Amino acid sequence: MTTNGIAVLSQDVTKVFGRGDTQVQALRGIDLNIRLGELTMLVGPSGSGKTTLLSVITGLLDATSGDLVVLGRRPAELSGEDLILFRRENLGFVFQQFNLIPALTAAENVAVPLLAGGVKRQEAVARGEEFLATLGMAHRAHALPSELSGGEQQRVALARALVHEPKLIVCDEPTSALDGGTGHAVMELLSATAVRPGRAVIIVTHDARIFDFADQIAHMDDGRITSLEENRRMVPPQLLRH
Amino acid sequence: MNFVALKMLVADRAKYFSLIFAIAFASFLLANQVSIFIGIMTRPASQIQDVVDADIWVMDPQTLYGDEVYALRDYDLYRVRSVPGVEWAVPLYKGNGRAKGPDGRFRTVILMGLDDATLVGAPRKMLVGSLQDLDQPDAAIIDKAGYLYFFPGQPLEVGKTLQMNERRVLIVGISDASAPFQSFPVLHTRYSQALGFVGRERNLLSFVLAKPTPGTPVEKVCKGIEAATGLRARSTAEFSLDAFLFYLRNTGIPVNFGITVIIALVVGTVIPGQTFYIFTVESLKQFGALKAIGVTNRRIVGMILLQALVVGGTGYALGMGITAAFFARTMNYLPTRGIIFPWQVMAAVGVVVLVVVGLASLISVRRVLVLEPAVVFRG
């Protein structure tokens, strides 16, 4: 299936949790196009359905109804094993709480997606170190997560999301655990390294300070997209210098 | 991903070592108690097992085990000899007497009266002296433990005397007899001499020891003896088992050891199981992240099983090492001589540990398998 420059095509997607009296409609007919080469933010108050939508897009949750195409594939049509392989090859994740493995060094954490893909340990860790170096973290490659600051941990998480060259990066509140300055620096780095032609970035956030980094902002409330805003993405200074 | 699993396992040293020590402790307790149990429970058969020349024990039909004997009549020996398939049969006296040392200390002893002509049933291993010296008047062979009781701190040598039934007992040899259940000293003497040492008994014939003719099955000869004489005939293995079962059914020993073994099993299952489960639960976010990233359930199950195997294997090895060291230390100690660490126990404990860590990890595996990877998006 061709992508035509579209990373995610969502038409009337719904998601319902529970049954009967305990039923909760988390998504109510989501129509959304997320384009390759752009950074899209899903914003809105808590409980608006942002994270549910992100989970559905990444195949971690099944949509209840509607049509969802991600990178030319319909997650609903993929079997369990195929879906895992699809995620492993095409998606990169950045989590709110970083979710680094405390026992592994920064470079080893970065190497995890490569290891999951069958790359040998030595080669995977070497590539992890190289990737950390491109993010200015070469000197911290052998540090454990507990020895890193919040900003450093998020940079390691970003490296882990990018190391296997996925086509879609999803970030869940990447700056919420960071102070303003550090969050801004992380966003600059993310914007500079993650957004590329042929790759899309989706960020779930309610941190208004980083909205300037978005090409497209989908405002959500009560399981719906209430407005879709095209934005002029702030280009990170390091890219401007080039 | 194996190295990730191992690094996750050893990262929390306190939990890692508590897991290993729990399994090591449980393994040690299991192996130690089962080995001691087997050692003690085989002791009632020590004097049966020590008789290697004969294969068949003939006794009163109501005999329960080897330590309680009702004497046969002398002619029973000839009746056994007449049974087809019996190559030879000799008398054996087995009873208890009281021996007194030169300094006045006394003990009940197990007295074995051997056939004068053949000395069938003699000790398997002599430490000092010779079997042939039993031909001397009042001669007896005593086991090492008994000798050291009556002559503490003295070198092992022949020529010393004891007193039994107001008669002199001349020690002409020191044997390495297997330890009896009650840890009584074991004396071997001639059949004709035994009466003098134990006092007046109408009949001395405790057992008839017999040997089947070459090529005749022991069981067949036993049946023949029973049919022809009305007596009870048992092979050495069967008679040993009788003794084992008697003590098993009529003493509190199995209950006592059983409780310890159950405690070891509970400790060995619950503590590592709980610790391993907590370890997994605390790592759920990490497993969730791995699942989201694209690590398959099969891979994650493999990681958890590897962790369980490493913990179980290390704990088991440590437990077996401690058990082996324990028995290496005690096997030459007289009261615990003969109690060893059989390889079968080691293997059985290995299987138990495998089951225990398997169960413990299964609970953890289940928790990870049902984990929604979307959990990683919940802060």
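1. Confidence. In this predicted model, chain B has a mean pLDDT of 88, and 98% of its residues reach 70 or more. For the complex, the predictor gives an ipTM of 0.81 and a pTM of 0.74. Where pLDDT is low, the predicted coordinates should not be read in detail.

2. Overall form of chain B. Chain B contains twelve helices and ten strands. Its radius of gyration is 29 Å, well over the 21 Å that the globule rule gives for 379 residues, so chain B is more spread out than a compact globule. Along the principal axes, the C-alpha atoms of chain B fill a box of roughly 95 × 50 × 30 Å.

3. Burial and contact order in chain B. Of the 379 residues in chain B, 43% count as buried. When contacts in chain B between residues at least 6 apart in sequence are considered, 81% of them join residues at least 24 apart.

4. Domains of chain B. The domain assignment divides chain B into domain 1 (2-43 + 252-377) and domain 2 (73-230). The C-alpha centres of these two domains of chain B lie 48 Å apart. Contact between them involves five residues of domain 1 and seven residues of domain 2. On the domain 1 side, the touching residues comprise two nonpolar, one polar and two charged.

5. Contact between the chains. Chain A contributes 26 residues to the contact, and chain B contributes 19 residues. On the chain B side, α1 (2-11) and α10 (284-293) each supply at least two residues. By class, this side of chain B has 13 nonpolar, four polar and two charged residues.

6. Helix α3 of chain A. How many of the eleven residues of helix α3 (residues 106-116) of chain A are buried? Eleven of the eleven are, so the helix is largely enclosed by the rest of the structure. The buried residues include the charged A:Glu108 and the polar A:Asn109, as well as A:Val110, A:Val112, A:Leu114 and A:Leu115.

7. Surroundings of α3(A). Against which elements do the buried residues of α3(A) pack? Within chain A, the partners are α2 (80-90), α4 (121-134) and α5 (150-162); from chain B, they are α1 and α10. Both of these chain B helices also supply at least two residues each to the side of chain B that touches chain A. After α3(A) comes A:Gly118, whose phi is positive, near 95°.

Definitions and conventions. Residues numbered from 1 in each chain as written. Chains lettered and ligands numbered in written order. Predicted model: local features only at pLDDT ≥ 70, side-chain atom pairs only at ≥ 80, totals over all residues. Contact = placed C-beta atoms within 7 Å. Helix = DSSP H or I, 4+ residues; strand = E, 2+ residues; numbered from the N terminus. pLDDT = per-residue confidence, 0-100. Domains from an automatic or database assignment. Buried ≥ 20, exposed ≤ 12 C-beta atoms within 10 Å, placed from the backbone. Rg over C-alpha atoms; globule rule 2.2 N^0.38 Å.
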